[in-house]
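Dear colleague,

I am passing on the structure below, together with some notes on what was found in it. Please read the notes with the model open beside you.

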Amino acid sequence: MTHATTDSPTTYGTVTKVFHWLTAALILTIIPLGLIASDLPYETNEQLAQKAQLFSLHKTLGVAVFFVALLRILWALGHAKPGALHPERRVETLLAETVHWLLYSALVITPLTGWIDHAATTGFAPIWWPFGQSLPFVPKDEGVAHLFGSLHWVFGKVMIGALILHIAGALKHQFVDRDATLRRMWFGRTETPDTGYHRTPAAAPILAALIVLIGAGVAVALSGEEDETRETATLDQVASDWAVQDGTLGITVKQFGKTVEGSFADWTAAITFDPEAETDAGTVEVTVSIGSLTLGSVTDQAMGADFFNVEQFPTATFTAPITKTADGYVADGTLTMKGETAPLTLPFTLTLDGDTATMRGQTTVNRMTYNVGQTMGDETNLGFDVVVTVDLTATRGQ
C-alpha cells in the first residue's frame, strides 16, 4: 500500500480517516434519531408511522455502525498509528487511550445488543435490509429482549459519554494546546512532528474493560427489575368440572405488514363438558387478565387507552355453550372486552384420553368491534383481524 493509504509516524492514512469520519457521521446521526423517536407520540396512524420510520432508520444505521466499527477495529489492529504528540503527559495519554478503547467497545456492543433485542422480539419498526429480522441462535423471547434492551440502553449511554470525552479532547488539542492532533486526522497533506508509531499503555484497555464490565453489571441489574407500572388483574380460582393443567392463549396481529405474535400468561377457564353428549356438550367461561399479555415490542402500546385500556378494563370474558358438530366442537357465545360485548364463535378439536382432554381451537376477532385501536381506522399500520388461538390440556375432576 502507498504511504497516503496507511498510517505513518506523522499522520493518519486515508483508510483510517475514512473509517473515522464515516463512523462519526453515523453515530452523530443515530443518537439523535433514537432520542427523537423515543419521545414521539404514537396515538394516530400518522404518528405511529413516523415513529416507526425513525426507529427503523435508527436500527438500520445501527447495523451499519456495527459492521463499520468491526472493520475499523480490524484495520487498527493490523496497522500501527502515529504516536501521541505529548507522550510526556502520561495521565492525559492514558485517559485518551482509555476513552478510545471504551469508544471502540461501545461502537460494537451498543448496536449488537440493540440488534439482538430486535431479533428477540417481534413487531415494531423493522430493519430495512433484505436478510430478515432474526439472528441465528437468538430466540423470540421477552426475557432475552429485555436483557439485551437494557444492555443496549446502558452502553448507548457509555458510547455517548465516551464520544463527548473524545470530542472534548480533540477540541482541547485544537484550541488549547494548538497542536496537530486534529489536523493529522483530516484529509490533505499535513506536516506534523514525527512521533514514531504508537504504543498502547497496558492500563488503557484494562480500564476500558473494567468500565465495560461495570456497565454490563448495571444493565443486568436493570433487566431484572419488574415493570411496576403494568396493571394486571388478579384472577380468582374458578370451580370447574375440567381443570386446565397446561395451556396457551395466543393472539396474532399484522403490524406494518409483519406478523406479531403474543400470548396471555394469566387466564382461567370454568368448563363443564360431557364427552358422551350427542349435541349439547357443556359450557365454558374464560376470564383473561389483559395486563398479562406480552406482544413483542408493542406490549406497552397495546396496554394504552386507545388499545386494550388495561387500567379501565383489566379483564375480558368469553362465555359460550359447547356444541358437538360433525367436524368437532364449537363454542358459540359472546366475548366482552373493553366494555363491548359481541358474538364470537370458536370452533375446536378435542382429543380424549381417559379423563384427559386436549383441545385446539382458532378464531378471528375484528379489533374495531371492541374499539381497540380506534385511531388506526385503516389497516395501513395495524390490521383489523386478530387471530386467537387456544391450545390446552384439561383433566376431569374426580
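The crossing in which H3 passes H5 is right-handed, where a crossing is called right-handed if the near helix is turned clockwise from the far one by less than a right angle, and left-handed if anticlockwise. Before going further, please note that this is a predicted model, in which local features need pLDDT of at least 70 and side-chain atom pairs count only at pLDDT 80 or more, while totals for chains, interfaces and linings use all residues. Residues are numbered from 1 along each chain as its sequence is written, and side-chain values use heavy atoms, with hydrogens and water left out.

The axes of H3 and H5 come within 8 Å and cross at roughly 45°; axes here are lines fitted to C-alpha atoms, for helices over the stretch in contact, and angles run from 0 to 180 degrees between N-to-C directions. H3 and H5 are therefore oblique to each other, given that angles under 35 degrees count as roughly parallel, over 145 as roughly antiparallel, 65 to 115 as roughly perpendicular and the rest as oblique. Helices (H or I, at least four residues) and strands (E, at least two) are DSSP runs, numbered from the N terminus. On the H3 side, the residues that make the contact include Leu94, Trp101 and Ile109, and on the H5 side they include Ala204, Pro205 and Ala208, contact meaning heavy atoms within 4.5 Å. By class, the contact of H3 with H5 has 11 nonpolar, 2 polar and 1 charged residues, where Ala, Val, Leu, Ile, Met, Phe, Trp, Tyr, Cys and Pro count as nonpolar, Asp, Glu, Lys and Arg as charged, and the others, Gly among them, as polar.

Trp101 is placed in helix H3 (residues 90-120), and at 31% relative accessibility Trp101 counts as partly exposed, a term that lies between buried (under 20% relative accessible area) and exposed (over 50%), with a 1.4 Å probe and protein chains only. Leaving aside neighbours within four places in sequence, Trp101 is in contact with Thr200, Ala204, Pro205 and Ala208. Although Trp101 and Thr200 are 99 residues apart along the chain, their C-alpha atoms are separated by 10.0 Å.

As for aromatic pairs, the count comes to 9, with rings of Phe, Tyr and Trp (its six-membered ring) taken to pair if their centres lie within 6.5 Å, and planes under 30 degrees apart counted as stacked, over 60 as edge-to-face and the rest as tilted. One of them is the edge-to-face pair of Trp21 and Trp186, at 5.1 Å centre to centre and 85° between the planes. Trp21 lies in helix H1 and Trp186 in the loop between H4 and helix H5 (203-223), so this pair ties together parts that are 165 residues apart in sequence. The rings of Trp242 and Phe273, with centres 5.9 Å apart and planes at 70°, are also edge-to-face, and both residues are buried.
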